[in-house]
Amino acid sequence: MANSRYLMAALLTFLTLVLASCSSGKSEAVTAIETYIQALGDKDVDQISTVSCAEWEPNALLEIDSFTAVDSKIENLACEETSQDGQDVLVNCTGVIALDYDGEAQEIDLSNRTYVARQVGGEWLMCGYH
């Protein structure tokens, strides 16, 4: 009887671990894009450099520079993979970057861009958008 309980507990633990590993969590490509967008809103130069492809990094730094004189906040960010194009994973997002410049409110609609994530050196990075 004790062996049956032990075996049942072990089986339940194993099944729980298997189901947890199969959960529909965000992909690493999506996480990279969301991290990039959040770093942009936070004006975090170090983070934006870390999560950008080498060829995209100058553009990323220009984007941050364009936000230096405004307050910025990311609102309702949600991203998902939409397709793959060779080595690139295409990611669409919803939400906005809310900007405030001396009381003048503006928004950048994130759904107007398709973000490109690419694995470089084992890490998923933001490599541009169209």
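I use buried for under 20% relative accessible area, exposed for over 50% and partly exposed for in between (1.4 Å probe, protein chains only). The model is predicted, so local features need pLDDT of at least 70 and side-chain atom pairs count only at pLDDT 80 or more, while totals for chains, interfaces and linings use all residues. Residues are numbered from 1 along each chain as its sequence is written, and side-chain values use heavy atoms, with hydrogens and water left out.

Which residue forms a salt bridge with glutamate 63? I found arginine 113, with 3.7 Å between the closest N and O atoms. The rule I applied for a salt bridge is a side-chain nitrogen of Lys or Arg within 4 Å of a carboxyl oxygen of Asp or Glu. As background, side chains of opposite charge can pair when their charged atoms come close.

**The chain as a whole**

I then went through the elements of the protein chain and noted four helices and five strands. From the N terminus on, their order is α-α-α-α-β-β-β-β-β. These elements are DSSP runs, numbered from the N terminus: helices (H or I) have at least four residues and strands (E) at least two. Of the 130 residues in the protein chain, 34% are buried. I also noted the salt-bridge count, which comes to five.

Where is arginine 118 found? I located arginine 118 in strand E4 (residues 114–120). Arginine 118 is buried, with a relative accessible area of 16%.

I looked up what the side chain of arginine 118 touches. A polar contact of 2.7 Å joins it to the side chain of glutamate 55. Another polar contact, of 2.5 Å, runs to the side chain of aspartate 88. A polar contact here is a pair of N or O atoms within 3.5 Å; within protein, one must be able to donate a hydrogen and the other to accept it, and residues adjacent in sequence count only if both atoms are side-chain atoms.

Aspartate 88 and arginine 118 also form a salt bridge, the closest N and O atoms being 2.5 Å apart. This pair links distant parts of the chain, with aspartate 88 in strand E2 and arginine 118 in strand E4, 30 residues apart. Aspartate 88 is buried, at 14% relative accessibility. I wrote down Glu55, Asp88 and Arg118 as a network of salt bridges.

**Strand E1**

Next I checked lysine 73 and glutamate 75, whose side chains meet in a salt bridge (3.9 Å, N to O). Is lysine 73 buried or exposed? Lysine 73 is exposed, at 53% relative accessible area, and glutamate 75 is partly exposed, at 26%.

Asparagine 76 lies in strand E1 and is exposed, with a relative accessible area of 67%. I noted its phi, near 55°, as a positive value in a residue other than glycine. Most residues other than glycine have a negative phi.

**The negative patch**

Which residues form the negative surface patch? I listed Asp71, Asp100, Asp102 and Glu104. A patch is made of residues with over 30% relative accessible area and no salt bridge, with like charges joined within 9 Å. Asp and Glu count as negative.

Aspartate 71 lies in strand E1 (residues 71–85) and is exposed, with a relative accessible area of 55%. Aspartate 102 sits in the loop between strand E2 (88–101) and strand E3 (104–109). Aspartate 102 is exposed as well, at 75% relative accessibility. Its phi is near 50°, again a positive value in a residue other than glycine.

**Isoleucine 33**

My last entry is isoleucine 33, in helix H2 (residues 28–42). Isoleucine 33 is buried, with a relative accessible area of 0%.

Definitions and conventions:
Patch = residues over 30% accessible without salt bridge, like charges linked within 9 Å, V, L, I, M, F, W, Y side chains within 5 Å. Areas by Shrake-Rupley, 256 points an atom, 1.4 Å probe, with all protein chains shown as cover. Charge placed at Lys NZ, Arg CZ, Asp CG, Glu CD.
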